[in-house]
Amino acid sequence: MITPKQRAFLKSLAHNIEPIMNIGKYGVNDETIRQLDLVLEKRELVKIKILNNNLDDDEETVNFILQKTRAEFVQHIGNKFVIYRRKRKDENRIELPE
């Protein structure tokens, strides 16, 4: 679990990054989850955009992704959301405040 202070710090970092993945009309599938796992392992902080042609509920999509990737929710604004997952190794790229 990340604290509110850590969440605010991650939001400030996420402000300047572009969405790495787009969720389109076919929604989230196993391949999407696999790609997100790889990206989270590399970057830790990921911004994702849900396109207008996606008919699934945004909150359900976000919750499904969080559950499958074991990531932490950071922020959801409009059709973009940010997730965070610490690396499994001791090589964290992002040092969170206490």
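Arg34 is partly exposed, because its relative accessibility is 44%, a value between the cut-offs of 20% for buried and 50% for exposed. In this predicted model, Arg34 forms a salt bridge with Glu31, and the closest N and O atoms are 2.8 Å apart. Glu31 also counts as partly exposed, at 39% relative accessibility.

Both Glu31 and Arg34 belong to helix H2 (residues 30-43). They are 3 residues apart, about one turn of the helix.

## Arg85 and its partners

Arg85 has a relative accessible area of 7% and is therefore buried, since the cut-off for buried is under 20%. Arg85 forms a salt bridge with Asp37, with 2.8 Å between the closest N and O atoms. This pair links distant parts of the chain: Asp37 is in helix H2 and Arg85 in the segment after strand S4 (80-84), 48 residues apart. Asp37 is partly exposed, with a relative accessible area of 22%.

A salt bridge also joins Arg85 to Glu41, where the closest N and O atoms are 3.7 Å apart. Here again distant parts of the chain are linked, as Glu41 lies in helix H2, 44 residues from Arg85.

## Negative surface patch

Asp56, Asp57, Glu59 and Glu60 gather on the surface in a patch of negative charge. One of these residues, Asp57, is found in the loop between strand S2 (45-50) and helix H3 (58-69). Asp57 counts as partly exposed because its relative accessibility is 41%.

Conventions
Residues numbered from 1 in each chain as written. Predicted model: local features only at pLDDT ≥ 70, side-chain atom pairs only at ≥ 80, totals over all residues. Heavy atoms only, no water. Patch = residues over 30% accessible without salt bridge, like charges linked within 9 Å, V, L, I, M, F, W, Y side chains within 5 Å. Areas by Shrake-Rupley, 256 points an atom, 1.4 Å probe, with all protein chains shown as cover. Salt bridge = Lys/Arg side-chain N within 4 Å of Asp/Glu carboxyl O. Lys, Arg positive; Asp, Glu negative; His and termini not counted. Charge placed at Lys NZ, Arg CZ, Asp CG, Glu CD. Helix = DSSP H or I, 4+ residues; strand = E, 2+ residues; numbered from the N terminus. Buried < 20%, exposed > 50% of the residue type's maximum accessible area, 1.4 Å probe, protein only.
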